[in-house]
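Hi,

Here is the structure I promised to pass on. Have a look, and my notes follow below.

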Amino acid sequence: MTRVFNFSAGPATLPEPVLRQAQAELLDWNGIGASIVEISHRSADFIEVAARAEADLRQLLSVPDDYAVLFLSGGATTQQALLALNFASPGGTVDYVVTGHWSKTAIKQVRPYVKVNIAASSEAGGFVDIPPRDTWKLTPGADYVHITANETIHGVEYRNGAPDVGDAPLFADFSSSIASEPIDVSKYGAIYAGAQKNLGPVGVAVVIVRRDLLGREGLPRADIFDYRSHAARDSMLNTPPTWNWYLAGLVFRWMLAEGGVAEFAKRNAEKSRIVYEAIDGSGGFYRNHVLPDFRSRMNIPFFLPDETLTARFVAESKAAGLLALKGHKAVGGIRASLYNAMPVAGAQALAAFMRDFQRLNG
Ligand SMILES: *Cc1c(COP(=O)(O)O)cnc(C)c1O
């Protein structure tokens, strides 16, 4: 068996020790004679797994006590819609900052429900930066302000923490950068993330929300779309994605054992430095268009001189044990995703491959 370096943007590489533990426990979890996915979510055994995962995630991200942590199905996109249903007011306005593909998706999910003000957008410039905060046209009395902490496709990331948006709560899509470095959760009204980038397998999303916001009336919605109800029932309003929750819990424990988010911040800085250096040191053979202050540490899109070389790069990198480097179809080119489970050796192997490839094809 060979495990390659997997640069997939999501679902993405998982830590090998986590996969091994899941494999070892699959038929008989903790001596109960059944798999963790074959027992009731209301059993003491699963409740223990669920509570442990929440406690570990709280420790990992230093989540303050006045925030609820929810484990929900439906991925990040569903949460994008639920944010409006739960926190917008009838006739109210919500502010969105557009910095790439996923910001636009977030807006698409709420358009049917609320009036959206695009407070700022970097689309005209081709999504290579984040509009300076003093150019944002925020709505006085907006129900919330939404940002995308890391644009997984365009490779643009907020690198200076949470922007100050005044009185409105700040909501952030952290799908592709959660737990990649320490953040100050108290600066946000809500943080959400699909697990399949940096937290575990697809099928569960994490929502971290300030409890006082759960008191908002929001818009008319079914109980199953109500974060209050999910919080009141410890995310077990209906059958939660138990397998995904369990696996995410193993990933949280692995991250804590490795040294927590401070350690991953160091590794992620190192990995991204290695790959950007290979791009910038190529004399223009490889190009990344994002302005240096906004370059993502997690997802690095880059481009070769033409399509033929791009296709050859994808095929030969795969043959060399570097998986899933093909760029997203919306932008083309190559994309290297460097989530927590990608070791520094993976970034080094990619940079070495890039130099060899250029020598032979440049
Ligand atoms: C992947 C991703 C999404 C979509 O996640 P789903 O779980 O597929 O709904 C949303 N936002 C960002 C930033 C992403 O990277």
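Thr-2 counts as exposed, at 71% relative accessibility (buried is under 20% relative accessible area, exposed over 50%, and partly exposed in between, with a 1.4 Å probe and protein chains only). Thr-2 sits in the segment before E1. Helices (H or I, at least four residues) and strands (E, at least two) are DSSP runs, numbered from the N terminus. Between Thr-2 and Gly-141 there are 55 Å in space, C-alpha to C-alpha, with the two 139 residues apart in sequence.

Before the rest, a word on the source: this is a predicted model, where local features need pLDDT of at least 70 and side-chain atom pairs count only at pLDDT 80 or more, while totals for chains, interfaces and linings use all residues. Residues are numbered from 1 along each chain as its sequence is written, and side-chain values use heavy atoms, with hydrogens and water left out.

Now the domains. The chain splits into domain 1 (16-257) and domain 2 (260-361), with bounds that come from an automatic or database domain assignment. Their C-alpha centres lie 27 Å apart. Across the boundary, 25 residues of domain 1 are in contact with 24 residues of domain 2 (contact means heavy atoms within 4.5 Å).

On to charges. How many salt bridges does a search of the whole structure find? The count is 20, taking a salt bridge as a side-chain nitrogen of Lys or Arg within 4 Å of a carboxyl oxygen of Asp or Glu. A few to look at:

- Arg-3 and Glu-16 meet through their side chains at 3.7 Å, N to O. Arg-3 lies in the segment before strand E1 (5-6) and Glu-16 in helix H1, so this pair ties together parts that are 13 residues apart in sequence. Arg-3 is partly exposed at 40% relative accessible area, and Glu-16 is partly exposed at 31%.
- Arg-210 forms a salt bridge with Asp-212, with 2.8 Å between the closest N and O atoms. Arg-210 is partly exposed, at 23% relative accessible area.
- Arg-267 and Glu-263 also form a salt bridge through their side chains, at 2.8 Å, N to O. The two are four residues apart in helix H7 (residues 260-280), which means about one helical turn separates them. Arg-267 is partly exposed at 22% relative accessibility, and so is Glu-263 with a relative accessible area of 24%.
- Glu-157, Arg-159, Glu-181 and Arg-297 are linked in a salt-bridge network.

Next, the strands. Strand E11 (residues 299-302) and E13 run antiparallel, joined by four bridges (two strands pair if DSSP finds at least two bridges between them). One of the contacts to check is Phe-302, whose bridge partner in E13 is Ile-334. In a regular strand the side chains alternate between the two faces of the sheet. Along strand E13 (residues 334-337), Ile-334 and Ala-336 point one way, Arg-335 and Ser-337 point the other way, and all are buried.

Last, the surface. Which residues make the nonpolar patch of about 280 Å²? They are Leu-26, Leu-27 and Val-37. Patches are made of residues with over 30% relative accessible area and no salt bridge, joining like charges within 9 Å and nonpolar side chains (Val, Leu, Ile, Met, Phe, Trp, Tyr) within 5 Å; accessible areas come from the Shrake-Rupley method with a 1.4 Å probe, and for residues only the protein chains shown count as cover. Val-37 belongs to the loop between helix H1 (16-25) and helix H2 (44-61) and is partly exposed, at 37% relative accessible area.

Cheers
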